[in-house]
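Visitor: Could you take me on a close look at a single part of this model? I would like to follow one residue and then its surroundings.

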Amino acid sequence: VESIKRGDRVLKLKLVFRPTDIDPPRNLLKLEQTKPGMVKEKVFDSRDFIAEGTETVIQKYQLNTTLRLKIHEVDNICGEIIENYDQTLYTYLFVRVELFHGEERIWTDYEMQTGAVCCRRQIAFDQVIEPELRRETKSSQPPPQFSTLPLETRLAIQLYGYKGEKDEVLLAHVNIMLADQSGKLRQGRYMLPMWSCVIPTKE
C-alpha cells in the first residue's frame with residue numbers, strides 16, 4: 001500500500017511489516033516443512049493468517065513471534081529537503097524504530113535499528129530488523145512479541161546521521177500505527193513520506 005506521493009521533494013521511506021516465523025501460519029505448515037527458505041523470505045498477506053479449513057483469522061494473542069520489520073530504502077536525502085543538511089559532514093546514516101503507547105515509550109530495554117550505511121541521496125538498506133537488548137541493559141524481559149504489544153502501539157521511525165563516530169543527529173521521522181483502521185495488524189509494503197527535521201547550525 002503506497003501513500004500519496006508529493007513529487008520528488010519528499011523524503012520517502014519504504015518498509016515491509018514482516019510478521020514471519022509465526023507458530024507457523026497454519027496454512028503454510030506443509031510449505032515450511034518442505035521448503036523452509038521460501039517461508040522465511042515471504043512477505044505475508046492476510047490469507048496467510050487464516051487457519052486451514054476455516055475462515056477464522058488468527059487472533060493477536062496467538063502471534064507469539066517477535067516484531068520484525070524490513071527497511072528497504074530511504075530516498076531524497078539532500079539539503080533541498082532537510083534544512084541545513086550537508087552530506088559531507090556525515091559519515092553514516094541509519095534507521096531507528098521506537099515503540100510508543102500514547103505518549104509513553106514502551107519496551108525501553110530493547111532497540112530496533114538498521115546497520116549504518118554510507119551517506120548517499122538514496123540508500124537501499126534492505127535489512128530486516130527486530131528488537132535487540134541494549135548493550136547497557138541487563139534485563140530478563142523477553143523481546144516484544146506481537147501478542148504482547150498493545151493494539152494501539154505506534155511505531156516512530158527515525159532517520160539518523162552520524163557526525164564523526166558517535167554524534168547522532170536526527171534528520172527525519174515518520175509515525176505509523178501497528179494496526180490499521182479496522183483493528184488488524186498491518187502487513188505488506190508501505191512507502192511513507194517522512195517529516196524532515198531542521199538541523200541546528202553552530203553560531
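**Around Gln158**

Guide: Happy to. The side chain of Gln158 makes a polar contact with the side chain of Tyr160 (3.5 Å); a polar contact here is a pair of N or O atoms within 3.5 Å, where within protein one must be able to donate a hydrogen and the other to accept it, and residues adjacent in sequence count only if both atoms are side-chain atoms. This is a predicted model, where local features need pLDDT of at least 70 and side-chain atom pairs count only at pLDDT 80 or more, while totals for chains, interfaces and linings use all residues. Residues are numbered from 1 along each chain as its sequence is written, and side-chain values use heavy atoms, with hydrogens and water left out.

Gln158 sits in strand E9 (residues 154–163); strands (E, at least two residues) are DSSP runs, numbered from the N terminus. Gln158 counts as buried because its relative accessibility is 11%, buried meaning under 20% relative accessible area (1.4 Å probe, protein chains only). Leaving aside residues up to four places away in sequence, Gln158 touches Phe94, Val95, Arg96, Glu98, Leu170, Ala172, His173 and Met194, contact meaning heavy atoms within 4.5 Å.

Two of these names lead us back to Tyr160. Phe94 and Tyr160 form a stacked aromatic pair, 5.5 Å centre to centre with 10 degrees between the planes; rings of Phe, Tyr and Trp (its six-membered ring) pair if their centres lie within 6.5 Å, and planes under 30 degrees apart count as stacked, over 60 as edge-to-face and the rest as tilted. Phe94 lies in strand E3 (residues 92–101) and Tyr160 in strand E9, so the pair ties together parts that are 66 residues apart in sequence. Phe94 is buried at 1% relative accessibility, and Tyr160 is buried too, at 13%. Ring pairs also bring in Tyr162, linking Phe94, Tyr160 and Tyr162 into a cluster. Arg96, for its part, lies over the face of Tyr160, at 4.8 Å from the ring centre; a charge sits over a ring if NZ of Lys or CZ of Arg is within 6 Å of the ring centre and within 35 degrees of the ring normal.

Now for the nonpolar core, a set of buried Ala, Val, Leu, Ile, Met, Phe, Trp, Tyr and Cys residues joined through side-chain atoms within 4.5 Å. The largest one has 39 residues, and those touching the most other members include Leu155, Ile157 and Leu159. E3 and E9 are among the elements that give two or more residues to this core, while E10 gives the most, with 5 residues.

Technical notes
Helices (H or I, at least four residues) and strands (E, at least two) are DSSP runs, numbered from the N terminus. Buried means under 20% relative accessible area, exposed over 50%, partly exposed in between (1.4 Å probe, protein chains only).
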